[in-house]
Amino acid sequence: MKQKQAFSIKDVVAIGVGAALFVVIAMIPIPAPAPNTNIQLNMLFKPSLV
């Protein structure tokens with residue numbers, strides 16, 4: 001019998017694109033109204049471990 005693969009090619013590509021977007025978004029600083037403060041957009045997409 002044929003064994004099922006753990007991840008398909010689409011899954012691997014989706015994980016790679018998601019990881020790349022996470023890194024790129026982490027590099028983009030957005031100035032906040034408070035002095036010397038930046039908003040980190042990558043924290044919006046961080047999965048909750050609770």
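Which residues make a nonpolar surface patch of about 400 Å²? The answer is Ile9, Val13, Val17 and Leu21. Before looking at them, here is a quick tour of the chain, which comes from a predicted model.

## The overall layout

The protein chain has 50 residues, and 4% of them count as buried.

As for the fold, you'll find one helix and two strands here. Start at the N terminus and the order of elements reads α-β-β. The helix, H1, spans residues 9-27. Strand S1 takes in 30-31, and strand S2 takes in 38-39.

The mean pLDDT of the protein chain is 79, and 84% of its residues reach 70 or more. Confidence is highest in H1, at 87, and lowest in S2, where the mean is 78.

## The patch and the helix

Back to that nonpolar patch, with Ile9, Val13, Val17 and Leu21 as its members. Two of its residues deserve a look of their own. Ile9 lies in helix H1. With a relative accessible area of 68%, Ile9 is over the 50% cut-off, so it counts as exposed.

Leu21 lies in helix H1 too. Its relative accessibility is 49%, so Leu21 counts as partly exposed.

## A residue in the loop

Now for the stretch between the strands. Where is Asn36 found? Asn36 sits in the loop that runs between strand S1 and strand S2.

Is Asn36 buried or exposed? Asn36 is exposed, because its relative accessible area is 86%. Its backbone is worth a glance as well: phi of Asn36 is near 55°, a positive value in a residue other than glycine.

Terms used. Residues are numbered from 1 along each chain as its sequence is written. This is a predicted model: local features need pLDDT of at least 70, side-chain atom pairs count only at pLDDT 80 or more; totals for chains, interfaces and linings use all residues. Side-chain values use heavy atoms; hydrogens and water are left out. Patches are made of residues with over 30% relative accessible area and no salt bridge: like charges are joined within 9 Å, nonpolar side chains (Val, Leu, Ile, Met, Phe, Trp, Tyr) within 5 Å. Accessible areas come from the Shrake-Rupley method with a 1.4 Å probe; for residues, only the protein chains shown count as cover. A salt bridge is a side-chain nitrogen of Lys or Arg within 4 Å of a carboxyl oxygen of Asp or Glu. Helices (H or I, at least four residues) and strands (E, at least two) are DSSP runs, numbered from the N terminus. Buried means under 20% relative accessible area, exposed over 50%, partly exposed in between (1.4 Å probe, protein chains only). pLDDT is the predictor's confidence in each residue, from 0 to 100.
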